[in-house]
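Trainee: I'd like to learn how to read a structure like this one. Can we go through some strands and helices together?

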Number of protein chains: 2
Amino acid sequence: MTSSYNKINNQLLEAIRLIVGSESVITQHDDLEKYSHDETEDLRYYPEVVAKPKNVQEVAALMKLCNENLIPVTPRGAGTGLSGGSLPVMGGLMIAMERFNQILAIDEQNLQAIVEPGVITEVFIEAVAEKGLLYPVDPASKGSCFIGGNVSHGSGGPRVVKYGTIREYILNLEVVLPSGEIIWTGANTLKYASGYNLTQLMIGSEGTLAIITKIVVKLIPRPTLDTLLLASFSSNEAACGAVSAIFRAGVIPSALEFMERRGVEWVIQHDGIAFELKEGTEAFLLIEVDGTNQDVIFSDCEKINGVLEAFDCKDVLFADTSAQKEELWRMRRTMAVSVKSNSVYKEEDTVVPRAGLPQLIKGIKETGSKYGFESVCYGHAGDGNLHVNIIKGHMSDDDWNNRLKDGIREIFELTVSLGGTLSGEHGIGLVQKGFMPLKYSEVHFELWRGIKKAFDKNGILNPGKIFE
Amino acid sequence: MTSSYNKINNQLLEAIRLIVGSESVITQHDDLEKYSHDETEDLRYYPEVVAKPKNVQEVAALMKLCNENLIPVTPRGAGTGLSGGSLPVMGGLMIAMERFNQILAIDEQNLQAIVEPGVITEVFIEAVAEKGLLYPVDPASKGSCFIGGNVSHGSGGPRVVKYGTIREYILNLEVVLPSGEIIWTGANTLKYASGYNLTQLMIGSEGTLAIITKIVVKLIPRPTLDTLLLASFSSNEAACGAVSAIFRAGVIPSALEFMERRGVEWVIQHDGIAFELKEGTEAFLLIEVDGTNQDVIFSDCEKINGVLEAFDCKDVLFADTSAQKEELWRMRRTMAVSVKSNSVYKEEDTVVPRAGLPQLIKGIKETGSKYGFESVCYGHAGDGNLHVNIIKGHMSDDDWNNRLKDGIREIFELTVSLGGTLSGEHGIGLVQKGFMPLKYSEVHFELWRGIKKAFDKNGILNPGKIFE
């Protein structure tokens with residue numbers, strides 16, 4: 001890999017314009033602003049040029065040009081990432097995939113779809129739902145994120161806990177390699193044992209290996225019924241303790257989300273959600289059970305209730321109407337935005353085996369006390385996946401900029417000691433890569449570098465991310 | 001990678017003995033026979049030496065020794081493979097993992113287990129079942145295959161159709177690299193977005209990247225009820241056509257297996273299974289529905305029945321007792337062995353999007369007519385995964401050895417044209433690698449070679465497989 005990239009000169013800019021058309025090239029500083037950040041803290045990195053190709057041939061031509069001229073290339077989806085994966089830290093060309101916004105086919109015979117990477121996740125979910133089908137990967141940002149970004153980050157969402165991760169739903173990918181070559185990574189099949197699985201390798205590779213241009217997705221029949229309940233607890237540990245007990249009782253809920261009191265408070269304040277927050281309630285579990293039979297759902301809810309009682313649950317609220325369900329989900333989904341609108345923040349995406357959650361949240365709070373930061377935690381507790389929002393609040397700039405990283409390190413050390421890792425669904429990108437040595441050795445880094453090199457000999461694609 | 005491997009001389013043999021102990025080293029030709037073949041056709045390749053390490057340190061020391069001395073290393077599980085993946089085609093050292101036969105932990109808090117690769121799959125399935133848990137990956141050879149081999153081949157089995165592939169259940173692996181370095185590939189978490197996913201890369205890599213020494217497995221609550229039914233059809237196409245229609249009706253069965261009449265005939269003849277084969281029945285679907293509620297199972301069965309009628313199903317037999325269920329499953333599971341005990345054979349492991357099955361089986365039979373071979377087909381139809389057993393029968397040796405491969409090529413060409421690939425769960429190993437260019441380009445081969453090189457610079461590990 002190289003560190004001596006070139007700048008985009010006039011000749012190259014002209015070549016880029018010839019490939020995608022002048023109207024699809026951005027060079028003005030003001031117009032580039034939108035592409036200089038994602039949802040990660042308040043970081044800003046400007047690309048030199050943004051190109052918006054409309055088809056795979058244009059992507060291939062751009063890649064070939066940049067590869068031959070050692071121009072860094074940063075692929076960009078919707079810019080909703082939380083780890084800085086789409087920030088063009090070395091400048092160069094940004095390839096924005098927003099014009100790849102077509103659902104090409106929903107194959108009801110095979111329960112598969114072919115979709116372009118720039119389709120908004122929720123648009124796709126709704127399109128297949130109209131056919132009675134389910135695509136269960138629905139991150140909180142589903143209303144704005146792109147499905148291509150979800151694949152690149154190994155994104156999750158609440159329903160993964162029952163239906164399996166994105167790895168189970170992405171069957172095949174059309175990708176453009178840095179060389180400009182176009183390949184399909186695998187086959188449109190539910191099973192695959194035909195050589196190293198390039199599809200799986202692409203998932204979670206954060207745009208560092210190739211650019212995705214088509215996605216073949218597995219779909220399943222959509223459950224017709226669901227029940228949603230909100231359980232209140234007097235402590236974080238009690239709520240987290242109930243999580244693994246629910247599975248041990250033989251139930252797999254279709255969502256099992258944790259929310260801290262402070263998060264709910266901010267949602268009430270900032271989003272005008274009407275909710276009576278009782279004295280002594282410190283944490284919540286939002287639990288959804290779905291299926292096709294009301295008796296089974298009822299029986300699952302009874303089992304869950306038994307567990308909740310054993311963990312000192314103070315109150316269980318059943319959502320009676322669609323509107324109530326929608327309101328409870330809105331509380332969970334807007335929490336990230338509400339919390340972040342309050343203060344400068346950093347978000348960490350810890351994941352542990354789920355029975356480790358009580359220890360994890362206890363440790364996070366202790367670390368907060370030690371370093372003087374407030375944290376608001378919520379997340380996909382059923383998967384052991386806890387998002388930790390660290391709030392600057394009254395912390396001094398010096399503590400925030402210098403001392404805080406030791407606190408974050410302690411949180412990750414605890415995560416790793418519990419059998420977990422640094423990210424469950426947000427990726428490593430730019431902001432977490434400094435913490436990677438807490439979990440991974442030089443042997444891992446060397447393997448990753450070797451894999452990177454197999455795809456991207458010149459190191460032009462999304463440089464400076466994950467491990468570089 | 002190198003093609004100039006060395007032989008194991010006396011000095012190296014002594015070093016191997018020092019590492020694992022003399023009693024765990026095999027050098028006598030007669031004793032090596034068992035290790036010279038797997039279940040692939042009648043192929044025989046003798047290793048120079050077999051070593052049976054008992055722990056990861058011994059595996060690491062053997063790998064380091066062989067890597068430094070350019071000795072080919074072939075890892076071996078139970079030797080039940082169907083593509084020749086464990087055949088030591090370059091001689092050298094075989095590392096037999098049979099002493100890695102311990103279930104190290106079943107963690108009922110997290111619904112996870114840690115298991116050594118040499119544990120027989122069925123032993124593991126039964127051990128977790130005793131705790132009310134399910135590990136749903138159960139290939140037909142489950143009574144003899146090792147779980148490590150299952151991971152290496154991306155193995156499946158009937159239940160994958162409902163519960164997801166082995167990729168969803170393998171969370172983390174301890175592996176030894178050719179250099180002798182020992183790493184964990186990931187974390188013990190249900191979700192993972194922390195760098196290139198080495199765990200997923202190992203699954204299906206057929207022992208060419210590293211040797212697995214520990215496996216962290218995800219478990220789920222075990223369903224308590226199931227119903228099994230056998231549906232008879234007057235044609236292969238009708239049976240295969242019903243497969244995708246069942247899913248479209250909103251049902252995900254826990255098994256959906258296809259069997260041709262000829263396979264059932266041979267099972268009756270060879271395994272003494274009592275079954276009345278009616279005139280005009282040409283194909284069967286074995287369908288299992290499981291769950292925790294009898295009403296739901298009943299309602300699913302009614303939906304299935306509706307589909308079966310629409311596809312001209314002639315007869316549906318419900319298994320009333322455990323003994324009947326066992327007998328029907330035995331029919332399906334012993335089919336491979338029965339068919340193969342009749343004749344010299346070749347087994348192909350085609351996989352297509354499931355609605356392509358009728359076209360696939362029609363094409364297979366047409367190709368058989370053209371080239372003069374009989375085939376017996378069965379498999380995991382719900383996954384679009386059809387095992388094609390080609391029977392030598394009365395075919396001349398010349399046709400078998402020379403002309404047949406053109407017929408097989410035609411079958412794979414059809415598979416690929418339907419959106420499928422060469423193997424869904426058996427792997428490519430030795431015997432299918434010649435057909436890989438039907439699906440994959442030199443660009444794929446170059447990527448795979450690069451990945452291989454990142455793990456195995458000297459090319460010592462299981463050389464001559466998949467793509468080499």
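Mentor: Let's start with a strand pair in chain B. Strands of a sheet pair through backbone hydrogen bonds, either parallel or antiparallel. In this predicted model, strand β6 (residues 112–115) of chain B pairs with strand β10 (residues 211–218) of chain B in the antiparallel sense, over 4 bridges.

Trainee: Which residue is the bridge partner of B:Q112 in β10(B)?

Mentor: That's B:K218. Find those two in the viewer and you have a handle on the pairing of β6(B) with β10(B).

Trainee: What is the order of the strands in the open sheet of chain B?

Mentor: Read across the sheet and you get β5-β6-β10-β8-β9, 5 strands with antiparallel pairing. At the edges sit β5 (103–107) and β9 (182–184) of chain B, each of which pairs on one side only. From one strand to the next, the twist averages 10°.

Trainee: Which helices go with that sheet in chain B?

Mentor: Take helix α3 (residues 56–68) of chain B, which lies across β8 (170–176), β9 and β10 of chain B and runs at about 55° to β8(B). Then there's helix α4 (residues 121–129) of chain B, packed on the sheet and touching β5, β6 and β10 of chain B. The direction of α4(B) makes about 30° with that of β5(B).

Trainee: What about chain A: what order do the strands of its open sheet have?

Mentor: There, too, you read β5-β6-β10-β8-β9, with 5 strands and antiparallel pairing. The edge strands in chain A are β5 (103–107) and β9 (182–184).

Trainee: How many residues lie between β5(A) and β6(A) in their hairpin?

Mentor: There are 4 residues between them, and A:L111 in the turn has a positive phi of about 50°. The two strands, β5(A) and β6(A), pair in the antiparallel sense over 4 bridges. For a landmark, look for A:I106, which stands opposite A:A113 in β6(A).

Trainee: Now helices. At roughly what angle do the axes of α8 and α13 of chain B cross?

Mentor: Helix α8 (residues 236–248) and helix α13 (residues 357–371) of chain B cross at roughly 155°, and their axes come within 8 Å. Angles over 145 degrees count as roughly antiparallel, so α8(B) is roughly antiparallel to α13(B). Their crossing is right-handed.

Trainee: Which residues make that contact?

Mentor: From α8(B) you have B:N236, B:E237, B:C240, B:G241 and B:V243, and from α13(B) B:L357, B:P358, B:I361, B:K362 and B:K365. Sorted by kind, the residues of this contact are 5 nonpolar, 2 polar and 3 charged.

Trainee: How far apart are the axes of α13(B) and α14(B)?

Mentor: They are 10 Å apart, and α13(B) packs with helix α14 (residues 397–417) of chain B at an angle of about 160°. These two helices are therefore roughly antiparallel to each other, with a right-handed crossing. The contact includes B:Q359 and B:L360 in α13(B), and B:R403 and B:D406 in α14(B). Its residues divide into 5 nonpolar, 5 polar and 4 charged.

Trainee: Last one: what rotation superposes chain A on chain B?

Mentor: A rotation of 180°, with 0.0 Å of shift along its axis and an RMSD of 0.0 Å. The two copies are thus related as by a two-fold rotation axis. In chain A, the C-alpha nearest that axis belongs to A:I451, 2.7 Å away from it. The same surface serves both copies, as 100% of the contact residues of chain A recur in chain B.

Methods: Residues numbered from 1 in each chain as written. Chains lettered and ligands numbered in written order. Predicted model: local features only at pLDDT ≥ 70, side-chain atom pairs only at ≥ 80, totals over all residues. Heavy atoms only, no water. Axes fitted to C-alpha atoms, helices over the stretch in contact; angles between N-to-C directions. Parallel < 35°, antiparallel > 145°, perpendicular 65-115°, else oblique. Left-handed = near helix turned anticlockwise from the far one by under 90°. Contact = heavy atoms within 4.5 Å. Nonpolar A, V, L, I, M, F, W, Y, C, P; charged D, E, K, R; others polar. Least-squares fit on C-alpha atoms with pLDDT ≥ 70 in both. Pairing = 2+ DSSP bridges.
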